[in-house]
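Here are my notes after a look through the model you sent over. I've kept them to a few numbered points.

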Amino acid sequence: MKVDVLTLFPAMFAGPMDESILRRARESGRLELALHDLRDWTYDRHRTVDGAPYGGGPGMVLKPEPIFEAIDELANDTTQVVMLTPQGEPFRQATASTLSAHEHLLLLCGSYEGFDERIRTRVHHEISIGDYVLTNGALPAMVVIDAVTRLLPGVLGDDASSVEESFSENTLDYPQYTRPAEYRGLEVPEVLQNGNHAAIEQWRREQAEQRTRERRPDLLKE
Ligand SMILES: C[S@@+](CC[C@H](N)C(=O)[O-])C[C@H]1O[C@@H](n2cnc3c(N)ncnc32)[C@H](O)[C@@H]1O
């Protein structure tokens with residue numbers, strides 16, 4: 001998958017995009033990530049990307065011209081243009097799954113007071129990563145890239161890992177244990193130690209449902 005990111009802060013992506021699973025996804029070519037500085041589509045001496053809001057009010061608004069031109073240059077017929085905005089659809093595992101099926105994403109990171117409204121005419125998805133306001137769209141874009149990349153075929157060592165986990169079936173994940181079987185008086189449930197796979201599967205299903213009922217009953221209603 002190719003992911004282009006349009007941002008005022010490409011340097012923010014160094015680190016998170018260069019470690020662990022994302023680094024390996026990039027090295028193997030499963031994720032082709034390109035970071036673009038929005039100011040590269042400006043023509044004045046100050047490389048202006050923002051302007052005062054029409055009608056007055058605090059802060060500055062991202063101008064349409066650099067973003068329209070960047071989309072003209074970077075997007076093609078297969079591209080899904082994604083705007084990161086607190087006004088967007090809440091980002092969920094299902095959204096990550098939908099996006100992971102596309103071959104090209106172009107992520108638009110906002111700054112200041114956000115985007116000139118006309119930019120929305122060029123966008124396929126508006127995504128919010130939660131009901132809070134961040135300073136700019138770089139962190140939300142990284143969240144989306146991380147969640148989408150781990151769903152790409154071959155990125156996780158075992159593709160079943162992304163199926164058997166929280167949210168994949170509208171439940172939270174079941175409790176997990178590793179060795180030792182007993183630590184400081186805390187014991188691993190007997191059923192996980194006896195090798196009866198049918199019993200283990202049933203226990204996990206029950207635990208996942210109980211945990212979801214207790215912590216996230218809203219998921220079960222969906
Ligand atoms: C300070 S915010 C602008 C908020 C805007 N005035 C509003 O109320 O919708 C600047 C940029 O950060 C990004 N951003 C902030 N919070 C976000 C969130 N919860 N989800 C996605 N993007 C967010 C967006 O790209 C946004 O354009």
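**Notes on the predicted model**

1. Setting aside neighbours within four places in sequence, Gln93 touches Leu151, Glu165 and Phe167. Keep in mind throughout that this is a predicted model.

2. On the Phe167 pairing: the two C-alpha atoms of Gln93 and Phe167 sit 6.3 Å apart, although 74 residues separate them in sequence. As for its setting, Gln93 belongs to helix α3, which covers residues 93–100.

3. Now the domains. The assignment gives domain 1 as 2–149 and domain 2 as 164–221. Their C-alpha centres are 36 Å apart.

4. Thr149 has a relative accessibility of 1%, so it counts as buried. What does Thr149 contact, leaving aside its neighbours within four places in sequence? The list is Leu22, Ala25, Leu31 and Val155.

5. On to the ligand. There are 21 residues around it, and those that come nearest are Leu84, Gln87, Gly110, Tyr132 and Leu134. Sorted by class, the shell has ten nonpolar residues, ten polar and one charged.

6. Which strand gives the largest share of that shell? That would be β5, with four residues. Strands β5 (79–90) and β7 (125–128) each contribute at least two residues to the shell.

7. Some polar atom pairs to check by eye. A ligand oxygen lies 2.6 Å from a backbone N or O atom of Leu84. For Gln87, an N or O atom of the side chain is 2.8 Å from an oxygen atom of the ligand. At Leu134, a polar backbone atom is 2.9 Å from a nitrogen of the ligand. As for cover, on its own the ligand has 580 Å² of accessible area, and the protein covers 87% of it.

Conventions: Residues numbered from 1 in each chain as written. Predicted model: local features only at pLDDT ≥ 70, side-chain atom pairs only at ≥ 80, totals over all residues. Heavy atoms only, no water. Contact = heavy atoms within 4.5 Å. Buried < 20%, exposed > 50% of the residue type's maximum accessible area, 1.4 Å probe, protein only. Domains from an automatic or database assignment. Near = heavy atom within 4 Å. Polar contact = N/O pair within 3.5 Å; in protein donor to acceptor, adjacent residues only side chain to side chain. Areas by Shrake-Rupley, 256 points an atom, 1.4 Å probe, with all protein chains shown as cover. Nonpolar A, V, L, I, M, F, W, Y, C, P; charged D, E, K, R; others polar.
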